[in-house]
Amino acid sequence: MTHNLSNREVASVLQRLGDLLEIRGEAVFKIAAYRRAAESIATLAEPVRSIRDRGELQKIPGVGKAIAEKVSSLLDTGSFKLLDEVQAEIPPGVAELLTVPEIGAKRARVLYDRLGIDSLEALKAAVAEGRLHGTGGLGPRAVERIAEGLASLRPTSQGLPIGTAYALGTELLRLIEQIAPALKGVQVAGEVRRYREMVNEITLVAAVDDPAELVHQFCAQPIVSRVEDRNDVAGRVILENGANVSLHVVHPEAFPVALVLYTGSEEHVRRLQSLGTAGQLSISRDGLVRDGQKVQCRSEEEVYARLGLQYIPPPMREDTGEIELALRGELPLAIDASMLKGDLHTHTEWSDGKATVLEMGLAARAMGYRYMCLTDHSRSLGVANGLGPERLELQRAEIQSANAELAPFRILQGIELEVLGDGTLDLPDETLAELDLVIASVHSGLRKSREVVTSRALAAIRHPLVDILAHPTGRLVGGRPGGDFNMEVLVQEAARTGTVLEIDSEPARLDLRDTHVRLALDAGCSLSIDSDAHSTGGLSTVHFGAGVATRAMATPDRILNTLPLVEMLAALKRNRQ
DNA sequence: GCCGTTTTCGGCCCGACTGTTTTCAGTCG
């Protein structure tokens, strides 16, 4: 067992400890402290180990003396006293129960104490045998929701959500760069590169002169828990954390073709191969071959060109019509995060964000943006310390002084406005009119009927001062399914009223999803690609949203925030005439 | 457990929704 823990792994230990302490019934603020520290460590740019080696753990926000000591022990020995103690009292599997709807800490405890349920498997069995009824105040309705929740629970075979897989892919990339000094190229390919929202396998392609040596070294890494399959040019392994990983190693001249092959999808590649056959070209991991002669390709673009195709961006490679469009030269360009001129959905410490107005502005400017709209939560979202008219006015003053420092970069003032239970909005029109932009969100009551949730979203869309509808369905990738909105009706009404629909790039949301984006485009809607960042680091997630937009074949002219500031503001519903 | 232009104690994360034990506890955002 190695203790070479990554930041993500340290964070997940602290997160799980928080869950177990909650089940144990500890004070809420202690639990919150562990979770805060976990989140803080998860977003660190630097390995927590090097911070520890410098003796600076306590400089991490949310990490004090006690947690610093525990993290240090975790890095050295793989555990610490409190963790051992709590795990001896409550099996870690009990914490998994918290992922099931209707089951929080109290019920998890009761289910464990009274029925001995210590894992999701045990819960499934108890539901099947009808043993849940009456325990911990669970009635027929709740038991039904638990059964539904268990059925829709992401089986491990469905893989990792893109956010996790992408981070893991990047870590593996760095690892390969370290162990292969003579590396000629390496890239994450497969489902991650295609921005699939769930990833079954993290696929990497590397180019070196001695493939067998790299495969051998990779399979011997401590993070590898099991080698499933391996030969001189490829290895398929399972990591300690359970992730499936494939590494394909080719000679440098075959790298571009290998990238195409291992980026997939299988269906897409099969179509390319049959196109190749028609032109006497064979496509394999050795490269392109015509009449026994290798056809040199220096880039993926060249591979597609040799096949008589426009370059097809990875997110589109699903054989859902992209090849026909590329043959006719009608494929739209990929939406790239670099096309965005600003971010329209961000949070600061005025509500539940981590950074100040100025810190967010500096970070956004450093990314090359020309503007950013702050959209802190509105007052009804008490948990997030939402803003009412008075605090908005105070915030405006802070924004003005930040703008004086950041010009010509511009911070706009907006709000993420709660749509209340009856479809009314959380703030009066006169307050909304003073803001640069309003994003409306349906956060509560997502479990209500199709009619109810749809009519609430429609009320927001129809309001003249609502410019954008945020994360329109409220779904979470690989988790909560989101409200049962009638999307056909929503996109029609958004198009009619000029309300922009958001692609929330937060990898846990990706909302709108690709199919909904297509629906919105066909209806004539405009879209925005936003980060929904709650920290400066969170701003960089927009590439995930760009991936979704690309797969849906959106064009830049349909994305509001590809416009420069003045044009973007003029395009808002409130500023149109 | 963390944190401090309210400092070494006493705050910090509040309120809507839901089903049900029928008067509120537990979940969830």
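This is a predicted model: local features need pLDDT of at least 70, side-chain atom pairs count only at pLDDT 80 or more; totals for chains, interfaces and linings use all residues.
Local features are described only where pLDDT is at least 70, and side-chain atom pairs only at pLDDT 80 or more, while totals for chains, interfaces and linings use all residues. Residues are numbered from 1 along each chain as its sequence is written, chains are lettered from A and ligands numbered from 1 in the order in which they are written, and side-chain values use heavy atoms, with hydrogens and water left out.

**View 1. Confidence along chain A.** Where is confidence lowest, and where is it highest? Helix α9 (residues 140–152) has the lowest mean, 82, and helix α24 (residues 565–571) the highest, 98. Helices (H or I, at least four residues) and strands (E, at least two) are DSSP runs, numbered from the N terminus.

View 2. Chain A is assigned domain 1 (7–156), domain 2 (159–250), domain 3 (267–331) and domain 4 (337–575), with bounds from an automatic or database domain assignment. The centres of domain 3 and domain 4, taken over C-alpha atoms, lie 38 Å apart. Domain 3 brings 7 residues to the contact and domain 4 brings 4, where contact means heavy atoms within 4.5 Å. About 430 Å² is buried between domain 3 and domain 4, and carbon and sulfur atoms give 82% of that area. Buried area is the accessible area (1.4 Å probe) that two parts lose on being put together, summed over both. On the side of domain 3 that touches domain 4 there are 5 nonpolar, no polar and 2 charged residues. Here Ala, Val, Leu, Ile, Met, Phe, Trp, Tyr, Cys and Pro count as nonpolar, Asp, Glu, Lys and Arg as charged, and the others, Gly among them, as polar. Between domain 3 and domain 4 there are 0 salt bridges.

**View 3. Two salt bridges.** A salt bridge is a side-chain nitrogen of Lys or Arg within 4 Å of a carboxyl oxygen of Asp or Glu, and the structure holds 46 of them. In one, D209 pairs with K184, the closest N and O atoms being 2.8 Å apart. Another salt bridge joins R450 and D484 at 2.9 Å, N to O. R450 belongs to helix α20 (residues 450–462), whereas D484 is in the loop between β15 (468–469) and α21 (487–497).

**View 4. Backbone details in loops.** The peptide bond between G264 and S265 is cis, with omega about -5°; S265 is in the loop between α13 (255–263) and α14 (266–278). A cis peptide bond also runs from A407 to P408, with omega near 10°.

Key. pLDDT is the predictor's confidence in each residue, from 0 to 100.
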